[in-house]
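Please read it with the sequence and the model side by side.

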Amino acid sequence: MEVDISSIPSIEWHYISKSGSGYYFTDEGVYRISNHWGRAANCRWRLISSSNSKINNSQIRTGFAKWTDFYPNNETENFFYVEVNFDTSEVNFQHKNNPKYDEKAVLRNASETAKVIRQIKEILESDAWAKHLDVEDLEVLRKEIIWKLITTNTSLQTIKKDLY
């Protein structure tokens, strides 16, 4: 969660990474100051903005994460699932240990998750994939395809093929 740097009494950062991110460790968790969020070394940091504004990686921001907010992570195990907010057209990955995980979404490894996210963004942001389809309601079809991508291991190619 993003925090106001001024709410933290004078910090001497315990660790400064090669990329310039600062870390301050407490018994409850860790503060991080950085201008880049997302993948950092073998961690995936998701900063939740206190102002609900989109995180811009050119701005320096400070976040705090409790130790209990950290989940196991590696590239090969099926730790991740994809979620979509259709109202905002945002696509994110979540960890299977997230308390909101309802076990409907397929768990994938990091690279498979990234691939599905790219495909979902294509479906959300473009209509080119539907140019050969005779569809009454493209939004309904869009949601159906995305739901299949999230909840099955069916490839996008197979899902599209079944539409023709």
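1. Helices (H or I, at least four residues) and strands (E, at least two) are DSSP runs, numbered from the N terminus.

2. Before going further, please keep in mind that this is a predicted model, in which local features need pLDDT of at least 70 and side-chain atom pairs count only at pLDDT 80 or more, while totals for chains, interfaces and linings use all residues. Residues are numbered from 1 along each chain as its sequence is written, and side-chain values use heavy atoms, with hydrogens and water left out.

3. As an overview, the protein chain contains three helices and nine strands, and along the sequence these follow the pattern β-β-β-β-β-β-β-β-β-α-α-α. The C-alpha trace spans about 60 × 30 × 30 Å along its principal axes, and 35% of the 164 residues count as buried. Of the contacts between residues at least 6 apart in sequence, 54% join residues at least 24 apart.

4. How do the axes of α1 and α2 cross? The axes of helix α1 (residues 110-125) and helix α2 (residues 138-151) come within 10 Å and cross at roughly 175 degrees, the axes being lines fitted to C-alpha atoms, for helices over the stretch in contact, with angles running from 0 to 180 degrees between N-to-C directions. The two helices are therefore roughly antiparallel to each other, on a scale where angles under 35 degrees count as roughly parallel, over 145 as roughly antiparallel, 65 to 115 as roughly perpendicular and the rest as oblique.

5. On the α1 side, the contact is made by Val116, Gln119, Ile120, Ile123 and Leu124, and on the α2 side by Arg142, Ile145, Ile146, Leu149 and Ile150. These residues divide into eight nonpolar, one polar and one charged, where Ala, Val, Leu, Ile, Met, Phe, Trp, Tyr, Cys and Pro count as nonpolar, Asp, Glu, Lys and Arg as charged, and the others, Gly among them, as polar.

6. The buried residues of α1 are Ala110, Thr113, Val116, Ile117, Gln119, Ile120, Ile123 and Leu124, and what covers them includes β6 (43-45), β8, β9 (90-95), α2 and α3. An α-helix has 3.6 residues a turn, so residues three or four places apart point the same way.

7. For α1, the 16 residues should span 22 Å, and the end C-alpha atoms are 22 Å apart; for α2, the 14 residues reach 20 Å from first C-alpha to last, close to the 20 Å expected.

8. Turning to the strands, five of them form an open sheet in the order β1-β7-β4-β3-β2, with antiparallel pairing; two strands pair if DSSP finds at least two bridges between them. The edge strands are β1 and β2 (15-16), each of which pairs on one side only.

9. Strand β4 (residues 29-34) has six of its six residues buried, so β4 is largely enclosed by the rest of the structure. Four antiparallel bridges link β4 to strand β3 (residues 22-25), and these two strands form a hairpin with three residues between them. Within this pairing, Tyr24 has Tyr31 of β4 as its bridge partner, and Phe25 stands opposite Val30.

10. Strand β7 (residues 61-66) is mostly covered, with five of its six residues buried. Six bridges pair β7 with β4 in the antiparallel sense, with Val30 opposite Ala65 and Arg32 opposite Gly63. Strand β1 (residues 2-3) is joined to β7 by two bridges, again antiparallel, and there Glu2 stands opposite Gly63.

11. Finally, Glu90 lies in strand β9 and, at 37% relative accessibility, counts as partly exposed. Glu90 and Pro72 are 18 residues apart in sequence and 24 Å apart in space, C-alpha to C-alpha.

Notes
Contact means heavy atoms within 4.5 Å. Buried means under 20% relative accessible area, exposed over 50%, partly exposed in between (1.4 Å probe, protein chains only). The expected span of a helix is 1.5 Å times one less than its number of residues.
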